[in-house]
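Please keep the structure open while reading.

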Amino acid sequence: MNHPAPLPRPLSVAELDLAAPGGPVLSFRPAPGGPEVKAGDVYALVRLRGRPAATVVGTVADGEDPAETLAALARERLARTAPPTDAERFAERFAESREEGGAGAPPRASVVVATRERPEQLARALDSLLAQDHPDFELIVVDNAPRTGDTRDLVVRKYADRVRYVREDVPGLAAAHNTGLAAAGGTVVAFTDDDVIADPHWLTALTEPFAADPGLGCVTGLILPARLATPAQVLLESHGGFAKGFAPRLYDPARPPADEPLFPFTAGSFGSGANMAFRADALRRAGGFDPATGTGTAAKGGDDLYAFVAVLSAGFRLRYTARALVWHHHRDTWQDLRNQAYGYGAGLTAYLTAILVRRPRLLPALLARLPRGLAHARTMTARRGEAPDGGVPGEHGTHHHPWPRSLSRLERRGMFYGPLGYAKARLRKAGSR
């Protein structure tokens, strides 16, 4: 008789800063806005003198010092971290050489936050964004298809002289982002969501690479869970969440990465829309976001993936850096997780459809890459349980709390639906003109 897998237990979320991989604890604290860490299961970001380096999961017994318990796990994790790949070494050397050469101050930035009827979450995000250490930036809120005046009232009442309010009546995240892009005056335009808390160094870390590399079109950053308080939140993070690891990576269309045979169509590995920035001219030259993609449209997602591929196919480089960190508040109910699973599948195939519809010249490249890409995908599936540079609360393929088959089926159903959803969104957009 098959017994259902036990629901995952909640975890505290914390930050641990070490002086060196084997060094003493510099600081230990809960994740931003979170409760004090007590006995029980804990998920912790490990920093090395402030720089994000790994995550660990551990159990703190009654009477134990959480900092020392997790520090011991962190030292062990860092000691057995896999050596960097050639691409990671190249990205790290590139970054270090630029920093040593003194690339100067980060460029002027515009931060765009698209939102819809979530004023409490938005206020939390804006407070963290206004606390950034970046020397020169503006903050723009795009109110997408609002039903009430709550968002506008919040911005006017609490952030009148510090945040610019823009309204976009066409529903959809891509439409809202295009409106933010049009309003932005910065050399770099950064995008994040209303359900994050940004690390104080986030914007500086996300925009500095643009000053160092004129050919850089996009930078993405690290997204970690702000809370792991419900089974849905833990399951999402167990399945990988939004994190892309801690190793820097540089994606260059002139030097396609050998470990990604489908490049640049593997856009999901580049980053996520809650933590991305573009050189404004590069994104505009690439046509911006496809307004028939994204949350709030029939396509249900894929707007960020489309933009990544559009910028890369225009000849610009893309860089991932874990130094640019935001804490994301995952949705907390089972139904939210079901909706996300379906939306991820739909967004993936919707974005691929958008690329081929709007950039048909890329079709031969995609078809040429498919055989190697499918073989690579089978290899990656076999290694799905690995987490080389960070701990996750219940890793893929284990019996701690495996990804339910029902959610995998929903993802696949979403993938079948994605092209149809994109077609519906395009028709609605054409009909609204």
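## Model and confidence

pLDDT is the predictor's confidence in each residue, on a scale from 0 to 100. The chain averages a pLDDT of 86, and 85% of the residues score at least 70. Residues 96–102 fall below 50; beyond near neighbours in sequence, this stretch has three contacts in the model (contact means heavy atoms within 4.5 Å). Residues 394–399 are also below 50, and that stretch has 12 contacts beyond near neighbours in sequence. Where pLDDT is low, the predicted coordinates should not be read in detail.

This is a predicted model: local features need pLDDT of at least 70, side-chain atom pairs count only at pLDDT 80 or more, and totals for chains, interfaces and linings use all residues. Residues are numbered from 1 along each chain as its sequence is written, and side-chain values use heavy atoms, without hydrogens or water.

## Helices α3 and α4

Helices (H or I, at least four residues) and strands (E, at least two) are DSSP runs, numbered from the N terminus. Helix α3 spans residues 119–130 and helix α4 residues 150–158; their axes come within 10 Å and cross at roughly 35°. Axes are lines fitted to C-alpha atoms, for helices over the stretch in contact, and angles run from 0 to 180 degrees between N-to-C directions.

From α3, the contact uses Pro 119, Leu 122, Ala 123 and Asp 127; from α4, it uses Asp 150, Thr 151, Leu 154 and Lys 158. By class, that is four nonpolar, one polar and three charged residues. Nonpolar covers Ala, Val, Leu, Ile, Met, Phe, Trp, Tyr, Cys and Pro; charged covers Asp, Glu, Lys and Arg; the others, Gly among them, are polar.

## Helices α7 and α10

Helix α7 (residues 231–238) packs on helix α10 (residues 334–358) at about 30°, with the axes 8 Å apart. That makes α7 roughly parallel to α10 (angles under 35 degrees count as roughly parallel). Ala 232, Leu 235 and Leu 236 of α7 meet Trp 334, Leu 337, Gln 340 and Tyr 344 of α10. The contact has six nonpolar residues, one polar and no charged.

Seven of the eight residues of α7 are buried (under 20% relative accessible area, with a 1.4 Å probe and protein chains only). Gln 233 and Glu 237 are among them. The buried residues pack against β3 (40–48), β10 (216–225) and α10.

## Helix α9

Helix α9 (residues 303–313) has 11 of its 11 residues buried, so it is largely enclosed by the rest of the structure. Asp 303, Asp 304 and Phe 308 are among the buried residues. Just after α9, Gly 315 takes a positive phi of about 100°.

Conventions. Angles under 35 degrees count as roughly parallel, over 145 as roughly antiparallel, 65 to 115 as roughly perpendicular and the rest as oblique. Buried means under 20% relative accessible area, exposed over 50%, partly exposed in between (1.4 Å probe, protein chains only).
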